[in-house]
Structures are given as C-alpha cells and as structure tokens.
Amino acid sequence: MDVATKKRRLVFVSNTSWSLWNFRLELMRTLRESGFDVVTVAPKDDYSQYLEREFRHYNLRNLDRKGANLFKDFKLFMEFVKLYGEIEPDLVINFTIKPNIYSSIAAKLLGIPSISVLSGLGYVFLRKSFMKNLVKALYLAAFRCNRYVVFLNKHDLQELKNITGSKGIVIPGEGVNPSFFSPDICKREEKRKFIFLFIGRFLKDKGIVELIEASKKLYNDNKNFQLWLLGGVDRGNPASLKESNLEELRKFPFVKIFPFTRDVRPYICGSDCVVLPSYREGLSRTLLEAMSMEKPIITTDVPGCKDVCFDGLNGLVVKPRDTEELYLAMKKMVKLPPEKRTFMGKSGRKLILEKFSKQIILKKYVELIEEVLHQ
C-alpha cells in the first residue's frame, strides 16, 4: 500500500475486553468507518471474542487488575513495548489505571503519541492510602508522555490539574445513541408494582449496600415495589460483593437479580426509575442511557452523577453513603404523580439530545485524534 494512502492505525487499550466492548464500541466503529485501522488490546475475557469479530485484537497476558506487584507491572510494561513494536500504531488511546500508566510510558519510549482517558478516578481515589499517593506519582510520570489527558467531568480534572497541567481536557462521556436508547421501543404494559432498577457491577462504591438498606426500609412502608439488580460481582475489584452476598439478597422478597446482558434496554423499559447511589463516577453511562429512554433517575451528589442529574428536573439527588436520604428519595419517587415522573423522563432525554448524544461526543473525540495525528 502506498504511504500516502496507508490507513492510520489506532490502538485502544483497557484493563478488560468487556469495558472496550461496552463503553468504547461506538467510538471504535465510528473511527473505523472514518478510515482508521482500529486495533484493540486488553486481557482475555468473555468479550474478547466479540472484539475479535470486528477488529484486530491482542490479548494482554500480564495485566493484573487487583495486583500491586511492581515486578508484574514491569512485565506488563515490557509487553506493551513488544506489542507496539509489532503493531506500529500511529496513536495509542489508553483507558483505566494500568494502561494509562504503563502503556503511555511504553508508547513514549517508542516515539508513539498517546492519549489517556480517565473514565473515573475509581476505587483507589476513594480512599486515603499509600496506594493513592503511589498512583498519583505514577500518573505524574505517565501524563508527561501523553499529548492529552481526557477526563469525563470537570471535578476529576480539577483534582489532578496539578499533574496534567494544560494537557487535561474534559469530554463528557462516550456519548449515547438516542435512536438506540429510545423510549419508542418500550411497549405500554400495566404493571402491578413500581420497579427500581440498578445497572452495574455490584460494588460497594456504587452504593449497592445503601441501596439494599434503603429498600428494606421502603419495604416496611410499601410492599408494592421491586428492586431489580442487573449486573454481577467483579472478582477483580476489592469493593465487589461476593457470590455468597447474592444468595442472601435473593432471600428478600423485593429483590430480583439479573445477570449482565449485552442489551439493557428491555430492563430499562420495564422499570419506573433507575437508581445509582454511587460514591463517584467518571460520567455514568447507566444514567445517560436511562435518561435517553425517558426514565427518571435517583443518584448522588458526587462527580460523574451530579453532572447529569438536576434535582427535581430529571430526577432526585441525594447525599452519598446516606441510607436515610436514599430511602426518602425512593419513597418520594414512588409517590410522585405519574405526570411528574413523565416530565422528569422527558427532561432527561432533552438533556441527552442537547449535551450527551453520540453525535456530539464522538465528534469531539474524532477532532482530538485528528489534532494529535497532525501535530
């Protein structure tokens, strides 16, 4: 192929194939359709097969999500160096902590430009610990290797502004396809019970413990509701519930647990309100999808959640880690007149169309990538 017509090669890197498939797929497809050669790099899991069907995919062998072993991390760094020497990318785009650090440094060593995306500050930054300070120090070294560092909300950017400097920018999420996540696909059905829906990994940092406790209190007042939990445990995350916890949850008459699914829309359709009492997010994809389907939401006054929920407009906002306030918000939501919940749902979709649609967000990423490639 002539050099002038050679496709520019982009590598997307994350700590799971699942996250690339679930959160970056629209962007990767858009870039491929725009003429880029898109390559994916992540550890092997159940979603690797889906990536392999659409892109050239490489399985990382040495990425240990929950480990803090510097010898293992050095092996990961060397794996990145070897991989990028083979792939010869024009640009590397990193997601999640270890790729943000070790992939960025490896790319710099080989003279390859890179962008790091912080989809949230995550488990490490929610606690004061030696690990938090270590990650900040490693970020300081890694971000010097990046052309840009992308944050999903302004609060995370502000927290690391002294590390990123002028390289830090905000792009709010990955974008939601309002045609796919549309209320028009939902059938009108008479339901006997009010349905609250939680979507995500069953992590304590997502507020699932407070959600269960608040639901217990609500059940003492009102037996006419259910709490649907759509997701599962995350064995690689120390904040995750365990399988034994799920067995206990199934004993509650108001709880229904559903496994991860590639299409969450039927569950959103079946719900009356989507709840995410998280301690912190990058920018909650779950809430954006619910808003796009005209569902009211309940979430917390924290970065990545308060950026999309405006109390009384498209949902209710509560304090994080506050079971009582969450219980009162759920009680209020059940008692709201249907026309008020309908207003909240329509207000949420309006916000999606104005600020968070796929077309708006993906355009920002494509422009950023083009800028870096032309520097």
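Me: Which kind of link joins the side chains of D221 and K331?

Reply: The side chains of D221 and K331 form a salt bridge, at 3.7 Å from N to O. D221 sits in helix 10 (residues 208–221) and K331 in helix 14, so the pair ties together distant parts of the chain, 110 residues apart. The general idea is that side chains of opposite charge can pair when their charged atoms come close. Here the term means a Lys or Arg side-chain nitrogen within 4 Å of a carboxyl oxygen of Asp or Glu. Helices (H or I, at least four residues) and strands (E, at least two) are DSSP runs counted from the N terminus.

Me: What should I know about the model itself and its numbering?

Reply: This is a predicted model, so local features need pLDDT of at least 70 and side-chain atom pairs pLDDT 80 or more, while totals for chains, interfaces and linings use all residues. Residues are numbered from 1 along each chain as its sequence is written, and side-chain values use heavy atoms, leaving out hydrogens and water.

Me: Are D221 and K331 buried, exposed or partly exposed?

Reply: Buried means under 20% relative accessible area, exposed over 50%, and partly exposed in between (1.4 Å probe, protein chains only). D221, at 45%, is partly exposed, and K331, at 26%, is partly exposed too.

Me: How many salt bridges does the structure hold?

Reply: There are 25. One of them pairs K346 with E294, at 3.5 Å from N to O. K346 belongs to helix 15 (residues 338–356) and E294 to the loop between helix 13 (285–292) and strand 12, 52 residues apart. Another joins E248 and K251, with the closest N and O atoms 3.2 Å apart; K251 is exposed at 60%. Salt bridges can also form a network, as they do among R24, E174, R285 and E289.

Me: How is the protein divided into domains?

Reply: Domain 1 covers 9–175 + 358–374, and domain 2 covers 194–356; these bounds come from an automatic or database domain assignment. The C-alpha centres of the two domains lie 28 Å apart.

Me: What can I read from the place where domain 1 and domain 2 touch?

Reply: Start with contact, which means heavy atoms within 4.5 Å: 26 residues of domain 1 touch 25 residues of domain 2. Three salt bridges are counted between domain 1 and domain 2. Helix 1 (17–23), helix 8 (154–159) and helix 16 (358–373) each supply at least two residues of the side of domain 1 that touches domain 2. Helix 1 gives the most to that side, with four residues.

Me: Is I297 buried or exposed?

Reply: I297, in strand 12 (residues 297–300), is buried, with a relative accessible area of 0%. Leaving out residues up to four places away in sequence, I297 touches several others, including C273, L287, V308 and M333. The C-alpha atoms of I297 and V275 are 5.7 Å apart, although 22 residues separate them along the chain.
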